[in-house]
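Subject: Structure handover

Hello,

Here is the structure I promised to pass on. My notes on what I found follow below it.

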Amino acid sequence: MVQKMSAYSEPRNRLTRQDLWEVLRYLFSPHAITALIRLAGWYIHDHIAPRARLNTSGNPRIHPTASLRCGQNIYLGKNSHINQYCCVWASPSSKIILGDNLLMGPGAKIFSSNHSARIGLPMNIQPPREADITIGNDVWLGANTVVLAGVTIGDGAIVAAGSVVTKDIPPYTIVTGVPAAPIKTRGLRNCPPANPTEAVSPKAPGVGSRQSTFR
């Protein structure tokens, strides 16, 4: 015989009187007013103020949920898109330079500083380590990727979702993983080699190779 489920184990798919009472009780309370003031202050600090200081060209798209820091040190190219829940955190002594037509998937994060890890100091007071980040034109950062301080990403590169970029990425290279590693190169016949010094002279066909080792 199947026993009837208790009220506490049944799925909740509608409002209850308790829910309504909770809303009415706290809607105009000092707690709600304080929370709204803090929320407004956080949004100004995290989005409005940094966006007002951005160095932009063209017509970038920035989602209202994107988190920005030190906008005066963020340089955003034409037609670039910072998606929802993205973080672009520059620092007082380091810049983030983003090229034209950049596409950032939801939740992608770029940090131009990191905490130190000295023994004897609590983590929340460790001095920062800062370094500039440069991302070229026509780059795609997949959802939830992380780009760490000091990295340069070449034009046309693609970073797979969930990857953590700790080292430079050559142009037109596709990387994935933690840490991110190359797996192939885009359009081998139509794009420059990963190492510019390996470019083949148009006067010497057949000498050298444009084919990348990242397959």
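Helix α2 covers residues 30-53, 24 residues in total. From first C-alpha to last, α2 reaches 33 Å. That is close to the 34 Å expected at 1.5 Å a residue. Still, α2 has a kink of about 45 degrees, centred on I44. Three residues of α2 to look at are D46, H47 and P50, which are buried. The cover over the buried residues of α2 includes β2 (61-62) and β3 (67-69).

Bear in mind that this is a predicted model. The protein chain has an average pLDDT of 84, and 82% of the residues score at least 70. Residues 189-215 fall below 50. Beyond near neighbours in sequence, that stretch has 28 contacts in the model. Where pLDDT is low, the predicted coordinates should not be read in detail.

How many salt bridges does the structure hold? The count is one. The side chains of R69 and D46 form a salt bridge, at 2.8 Å from N to O. R69 belongs to strand β3 and D46 to helix α2, so the pair ties together parts that are 23 residues apart in sequence. Are the two residues buried or exposed? D46 counts as buried, at 4% relative accessibility. R69 is partly exposed, with a relative accessible area of 25%.

Next, the sheet. Seven strands make up an open sheet with mixed pairing. The order is β2-β5-β8-β13-β16-β18-β19. The edges are β2 and β19. Each has a single partner strand, so one side of each is left without a neighbour in the sheet.

β2 pairs with strand β5 (residues 81-82) in the parallel sense, over two bridges. R61 has H81 in β5 as its bridge partner.

Now the other end. Strand β16 (residues 158-159) and strand β18 (residues 173-176) are parallel, paired over two bridges. The bridge partner of I158 in β18 is I174. β18 then pairs with strand β19 (residues 181-185), this time in the antiparallel sense and over four bridges.

The β18 and β19 hairpin deserves a look. Four residues lie between its strands. G177 in this hairpin takes a positive phi near 110 degrees. The peptide bond from V178 to P179 is cis, with omega near -5 degrees. P179 sits in the loop between β18 and β19.

A word on backbone geometry. Most residues other than glycine have a negative phi, and most peptide bonds are trans. Which residues other than glycine have a positive phi? N101 is one of them, with phi near 60 degrees. N101 lies in the loop between β7 (96-98) and β8 (103-104). Its relative accessible area is 40%, which makes N101 partly exposed. Y172 also has a positive phi, of about 60 degrees. Y172 is in the loop between β17 (164-165) and β18. Y172 is partly exposed, with a relative accessible area of 25%.

At 0% relative accessibility, V88 counts as buried. What does V88 touch, not counting residues up to four places away in sequence? Its contacts are S67, L68, R69, I74, I82, I96, L98, M104 and I110. Note R69 among them, the salt-bridge partner of D46. V88 and V147 are 59 residues apart in sequence, with 9.6 Å between them in space, C-alpha to C-alpha.

The other is N73, in the loop between β3 and β4 (74-76). N73 counts as buried, at 12% relative accessibility. Leaving aside neighbours within four places in sequence, N73 is in contact with N55, A90, S91, P92, S93, S94, K95 and I96. I96 is also touched by V88.

Best regards

Definitions and conventions:
Residues numbered from 1 in each chain as written. Predicted model: local features only at pLDDT ≥ 70, side-chain atom pairs only at ≥ 80, totals over all residues. Heavy atoms only, no water. Pairing = 2+ DSSP bridges. Expected span 1.5 Å × (residues − 1). Bend = angle between axes of the 7 residues up to and from the residue. Buried < 20%, exposed > 50% of the residue type's maximum accessible area, 1.4 Å probe, protein only. Contact = heavy atoms within 4.5 Å. pLDDT = per-residue confidence, 0-100. Salt bridge = Lys/Arg side-chain N within 4 Å of Asp/Glu carboxyl O.
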